[in-house]
Amino acid sequence: MLVWSRSGKAMVWSFAALVIGVVFLAPLAVILAASFARQWNGVLPSGFTLEHYAEAGGGASGAAVFASLTTGVVASLVALISGAWAALALRAQGGGAARMLGVLFFVPSAVPSVSVGLGLLVAFSQKPLLLNGTTAIVVIAHFVLISAFSFGNVSAGLARVSPDFEEVASCLGATPAYRLRRVTLPLVAPYLFAAFGLSFALSMGELGATVMVYPPGWVTLPVAIFGLTDRGDIFSGAALTIILVGVTLLLLLGIERTSAIWAQARNG
Amino acid sequence: MSDAAASPRGVKVDLGALWVAPPLIALAVLFLYPLALIAHAAVYDATDVVNLPAAWATLGSRAFVNALFNTAEIALAATAGSLALGLTLALIIAFVPFPGATFVARLIDTFIALPTFLATLAFTFLYGSAGVLNGALVQAFHLSDAPVHFLYSAWGVILAEVTVYSPFVLRPLLAAFSQVDRGQIEAASLLGARPWRIVRQIILPAALPAAIAGGSLCLLLTVNEFGIVLFIGAKGVITLPLLIYDKAIQESDYQAACVIAMVNVALSLGLFGLYRVAARRLGA
């Protein structure tokens, strides 16, 4: 509605198509093409092969898929519980102190991931908490980095919930636990689903803290992809990246569907 | 005044405040305690003796100064680029909508959920010395060498960061644009205002809070970016996060790594404070 003439619109749209194509679609397209390519000598890749995916299915790459999924699900669940707990507690408390604590829960999102990893490495390589070289330290690193996003999502949801519903429930004699379970949590459920989805996606792509703390037996997908491309095996790296993107998007879609079905079941 | 009114329930309020303890303890043990130990390790050397000269030497080293300069240059350029690209796309999607514009906006939005190093890997195939662009140029002009080399310089990092961080600007801008009164734009247009004047006088003022919030978030994320720089792996492009990784993992020089980490954390927290203030002041 800003540009009215047919030719003006056509010009603006071709420009937009070019920019979106070059900046956002071309990167995804070349990685997809490379993951199926036998070789890439000329302008475009040549020779179709599923070899890179077959390699990714077993051995070290298969272990990386497992490590990433496990880390992502566990860290996201813990972050969801901790974030929702903190958001609910601070909302019940209210006031200036609660606002300041709220900012504190956001701080991990502002600190560079490499420094979070370095801190965990320094802190847990000495007594009293010796965790260096364990799987737990990777999960902890992911939890710390995504906790702020879970907290932020649930807080944003709670801010939109009118206290009236909860007050009515209390007046009708609902205990705090019953009120939380049957009134507050269902009202913020869409935000809980969204928080889990975002946390999981962030965990799947986490690299900075993971490279600082991962033990040899727990290599996540991003670390494995870096290992492959660093050795020059960019085609296998591309295949593993497509698997990472595919798993992340599938899970996000699944969570979105579950959230919608759940909301429908409640309302209808 | 509210204290006086609440005093009969004072005990209950105090107990209620304890509910925040479990997640707070988790944050303290897993995040604040490690941060404190980084500060401690920054001034103590490997033999656990205070060694301030070593800390000063790290701060004065060419590697650190270069990394600080690179980080600032890359972050500022990438943020400016993300703002320009995000604003352009948001203007087109919101005010010159094409069929499927909403779908495209959602597609770009999913980039927020994807790992950042994806952009670098893609750039290797697109603009690397054996990539699509160089392959096409060599073939078209019968060159003997690949003519395009920007990927292995700061430009490669900047352009990759613009790709992954412009969606962070696009999202708040689209939200802000959806609040702009369409009637006002149509009236201005009917009265003969050129599109550029409408953008400057009606749309941009309305989008300023969202642009500042999105831009400062970009600045924070680009200062902290690690994956893109690691994957490009150019010798001349070392930023603060990459230098911390090099010192700790490659050289096992933990004191130097912790000194640089303190600087990086301070820089990030400063930008985070700026972002909070900007977001609150402007209500974005």
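1. Six residues from domain 1 of chain B and nine residues from domain 2 of chain B make the contact. On the domain 1 side, that contact has six nonpolar residues, with no polar and no charged ones.

2. Please keep the confidence values in view while you browse chain B. Its average pLDDT is 87, and 93% of the residues score at least 70. Where pLDDT is low, the predicted coordinates should not be read in detail. For the complex, the predictor gives an ipTM of 0.88 and a pTM of 0.89.

3. Now to chain A, which has eleven helices and two strands. Along the sequence these follow the pattern α-β-β-α-α-α-α-α-α-α-α-α-α. The radius of gyration of chain A is 23 Å, while the globule rule gives 18 Å for 268 residues, so chain A is more spread out than a compact globule. Taken along the principal axes, its C-alpha atoms fill a box of roughly 75 × 70 × 35 Å. Buried residues account for 43% of the 268 residues in chain A. Of the contacts in chain A with a separation of 6 or more, 72% are between residues 24 or more positions apart.

4. Next, the interface between the chains. Here 62 residues of chain A are in contact with 68 residues of chain B. Helix α1 of chain A (residues 6-35) supplies the largest share of the chain A side, 13 residues. By class, that side has 49 nonpolar, twelve polar and one charged residues.

5. Helix α10 of chain A (residues 221-230) deserves a look. Seven of its ten residues are buried, so this helix is largely enclosed by the rest of the structure. The buried ones are A:L221, A:P222, A:A224, A:I225, A:F226, A:L228 and A:T229. Their cover includes α3 (59-93), α8 (176-205), α9 (208-213) and α11 (234-267) of chain A, together with α7 (117-127) and α12 (227-232) of chain B. After α10 of chain A comes A:G232, with a positive phi near 95°.

6. The largest nonpolar core holds 166 residues, and those that touch the most other members are A:L118, A:A141, B:L173, B:I244, B:C258 and B:I260. Let us take B:L173 as an example. Leaving aside residues up to four places away in sequence, B:L173 touches B:G86, B:L87, B:A90, B:A207, B:A210, B:A211 and B:G214.

7. Last, a look at B:H142, which is found in the loop between α8 (132-141) and α9 (154-177) of chain B. B:H142 has 7 other C-beta atoms within 10 Å, and is therefore exposed, the cut-off being 12 or fewer. From B:H142 to B:A175 the separation is 33 residues in sequence and 48 Å in space, C-alpha to C-alpha.

How values were computed. Residues are numbered from 1 along each chain as its sequence is written. Chains are lettered from A and ligands numbered from 1 in the order in which they are written. This is a predicted model: local features need pLDDT of at least 70, side-chain atom pairs count only at pLDDT 80 or more; totals for chains, interfaces and linings use all residues. Two residues are in contact if their C-beta atoms, placed from the backbone, lie within 7 Å. Helices (H or I, at least four residues) and strands (E, at least two) are DSSP runs, numbered from the N terminus. Ala, Val, Leu, Ile, Met, Phe, Trp, Tyr, Cys and Pro count as nonpolar, Asp, Glu, Lys and Arg as charged, and the others, Gly among them, as polar. A residue is buried if 20 or more other C-beta atoms lie within 10 Å of its own, exposed if 12 or fewer, and partly exposed in between; C-beta atoms are placed from the backbone. The radius of gyration is taken over C-alpha atoms; the globule rule is 2.2 Å times the number of residues to the power 0.38. A nonpolar core is a set of buried Ala, Val, Leu, Ile, Met, Phe, Trp, Tyr and Cys residues joined through C-beta atoms within 7 Å. pLDDT is the predictor's confidence in each residue, from 0 to 100.
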